Amino acid sequence: MSVPRSPHRRQWLQAASAGLALALQPRSWAQPASALLTKPVPSTREPLPVVGLGSWITFNVGDDPQGQAAATAVMRAFFAAGGRVIDSSPMYGSSQAVIGRALAALGRPTSLYAADKVWVSGAERGSAQIATSHQRWQLQRPFDLLQVHNLLDWETQLPRLFAMKAAGQLRHVGITTSEGRRHREFETLMQRHPLDFVQLSYNLLDREVEQRLLPLAQERGIAVLVNRPFRQGALLDALQRHPLPGWAADIGCRHWAQVALKFVVSHPAVTCAIPATSQVAHLQQNMQAAIGPLPDARLRRRMAQDVAAL
Amino acid sequence: MSEWWTYRLDDFLMFAPGTYQRMFALYNAQVWPAPLVALPLGLAVLWALARWPQAWRLACATVALGWAFTAWAFHWQRYAGIHTAAPWFAGMFALQALMLAWMARPASGWHVRSGPGWARAIGLALLAFAVLLLPWTGWALGRPWQQAALFGLAPDATAVGTLGLLLVLQNVGREPTAHRQQVSSRRPSGAAQFPARVAVASALPWVLPVAWCLVSAATLWTLRAPEAFVLLALTGLAVATGLAAHAVRAGAIGGHGKRAEPT
C-alpha cells in the first residue's frame, strides 16, 4: 500500500535535501556561516550583530608586515562570519591606519559599521583629528559612529558631533568610558543629551554598570557598546584554568570566551560587545557567541555567581 | 588625566609583546648597516675607558652620538609608530645627548673617577654588559637574533651603558683647585665642604638614563617580559654604586650636609 505524499512532507524533504547539500558544500569566506544575532540601535532601529571587533592593542602594529597581515586576516574572518561593527580611536596608535589598509585589501566591505572616537581638546583640533581618522580608515563615506573618548573635552566635542550628525556627516553620536571611570558624569550626560550610543566596560566580574548606566541606557533608548568584555584578556587567562561549567553547553558555548561574551550581550541593554584579538581562531570563537541561545536572567545570575566563585 | 589614581600600568600598554619585539628587527633592518658600526663603536668605548682613560672625552662624545641617533632613528622614526609618547622620548634622548656632549667638552669639570676603584670597576662592568650581553637577552630567551637591541642604537642598552660610563667619570667642579686636589688624594687633610652645585651637576646626567630605565622596565613588566627584572637590577646596581661612591667621596672631602646623590 502506498502512502500518499503530502505537500508538506515533500516541501520538508526538499528543504532537508537543500540543507544537506548546503552543509556538504565547502564553506566560502564570502558568505557568513550562520546568521548572527542582532540587536537594533534604538534611535534608528538599525540592526547590528551583537559581537563586533575592537582594535585596542591588537591592531597597533605600526608598519610590521606580520602584524598587518594578522590584522587583515582577522578582519577577513570577521566579515566572513557576518560581523559589522569595528571600533577604533586616535588613542590606539597605528590601529586606524592598520584598519584602513585591511579594509582596502578586503575591497572595503559595504557591511562595515565604522565606529571611531575623538580624543583631543579644542574644537579645531577635534575637527582636524576626525578628518585624520577618516583618512586613516580610508573610508569613502562618513563614519557610522563617532564617540567622545573618555569624555575628554566633551563640552566642545559633543556639540560638534551633534552638528555633524545634523549635517549628514555622521550617523550616530556617542560617549565612552572604560574601567568604571567618571560614571557619575557619564550618567549626567546620558540624561541630558540625545545620545545614540554609549560605550563602557562590562564583563562577568566588572558589573557596576548594571546598577545605573545599563538601566538608564534602556530607559533613554541608547545603544550600548561594551569594551573589555575579557578584562583585557586577564579574565580569560584566569577562567581557562577551569573546566567549562555544565550550563555552558545549554547556551551553545564551547569556550570560556563565548561564555563571557554571551553573558555580556544577553543583558537587555547591551547592543554589541567589541572584543579585540589578533588571532583568527580567537575571532572565530568570539563570533560563535553571536549564534544560538542566549542565557536568560536566571542563568545570567548563576553565570556571574559561578565565575565569581572560581 | 582625570581620576589618575584609577589607572594601572596595564592601562598605558598600547601594543602586544610580539609587536614590540618584532619592532627591533624592523628597526635593525631600517638602519642597516648601522648595527655593524654600533657594536665595534661600543667595544671601542669600553676599551678606551678601560685601557686608555685619557680618551674618555671621545668615549663620552661617542655615547652622546648614540643617544642622538636613538632619539631620531628609534624613538622618532620607529617607536612613534606604535607609541604616542615616543616623540617625548625622542626629546628626552636628544637632551641627554646634549648633556653628554657638554660633559665631553674641555674644562667641563668632568674627569675620570679617581676613586673608589670598585665604583669604576662596576661602571666598566655595566658598560660591558650593555655592549655585549643586554642586546642579546631576547635571543637568550628564544627570540630571533635579528631583534637584538644594540648599545648606541636602542634605548635600553644605551641607557644602561651610559650609567656605566657615569660611574667611570666624576664631576670635580671647575674652579676650586684645592677641592680637585683633595679628590685626587682621597685623603684630605683639610675639612673643605663638598660644593652642592658640584653634587647637582654630578647628578644631572643620571636623571634621564635612570628615568628611561624605569619607563622601559614598566613597559617590559606590562608585556610580561623577564627583561624588566634585568633592567631594574642593572639600574638599581648603578644607582646604589653611584650613591655609595658619592658618600665615600663626600666623606673624604668633608661632606655637604645630609644630601647623598649619585656622582
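**Entry 1: the model**
I am working with a predicted model, and I keep that in mind throughout.

**Entry 2: who touches whom**
I began with the contacts between the two chains. On the chain B side I found 18 residues, and they are in contact with 20 residues of chain A. Next I looked up the area buried between chain B and chain A, which is about 1500 Å². Carbon and sulfur atoms give 44% of that area.

**Entry 3: charges and polar pairs**
How many salt bridges are there between chain B and chain A? I noted 2. One pairing I could look up by name: the side chains of A:Asp63 and B:Arg78 form a salt bridge, with 2.5 Å from N to O. I also noted 4 residue pairs in polar contact between chain B and chain A, both residues being at pLDDT 80 or more. Then I sorted the residues on the side of chain B that touches chain A: 7 are nonpolar, 5 are polar and 6 are charged.

**Entry 4: looking for disulfides**
Over all chains, my count of disulfides came to 0. A disulfide needs the sulfur atoms within 2.5 Å. Looking from the other end, I found A:Cys272 in no disulfide either.

**Entry 5: buried or exposed?**
I checked both cysteines for accessibility. A:Cys253 counts as buried, at 5% relative accessibility. A:Cys272 is buried too, with a relative accessible area of 0%.

Definitions and conventions
Residues are numbered from 1 along each chain as its sequence is written. Chains are lettered from A and ligands numbered from 1 in the order in which they are written. This is a predicted model: local features need pLDDT of at least 70, side-chain atom pairs count only at pLDDT 80 or more; totals for chains, interfaces and linings use all residues. Side-chain values use heavy atoms; hydrogens and water are left out. Contact means heavy atoms within 4.5 Å. Buried area is the accessible area (1.4 Å probe) that two parts lose on being put together, summed over both. A salt bridge is a side-chain nitrogen of Lys or Arg within 4 Å of a carboxyl oxygen of Asp or Glu. A polar contact is a pair of N or O atoms within 3.5 Å; within protein, one must be able to donate a hydrogen and the other to accept it, and residues adjacent in sequence count only if both atoms are side-chain atoms. Ala, Val, Leu, Ile, Met, Phe, Trp, Tyr, Cys and Pro count as nonpolar, Asp, Glu, Lys and Arg as charged, and the others, Gly among them, as polar. Buried means under 20% relative accessible area, exposed over 50%, partly exposed in between (1.4 Å probe, protein chains only).
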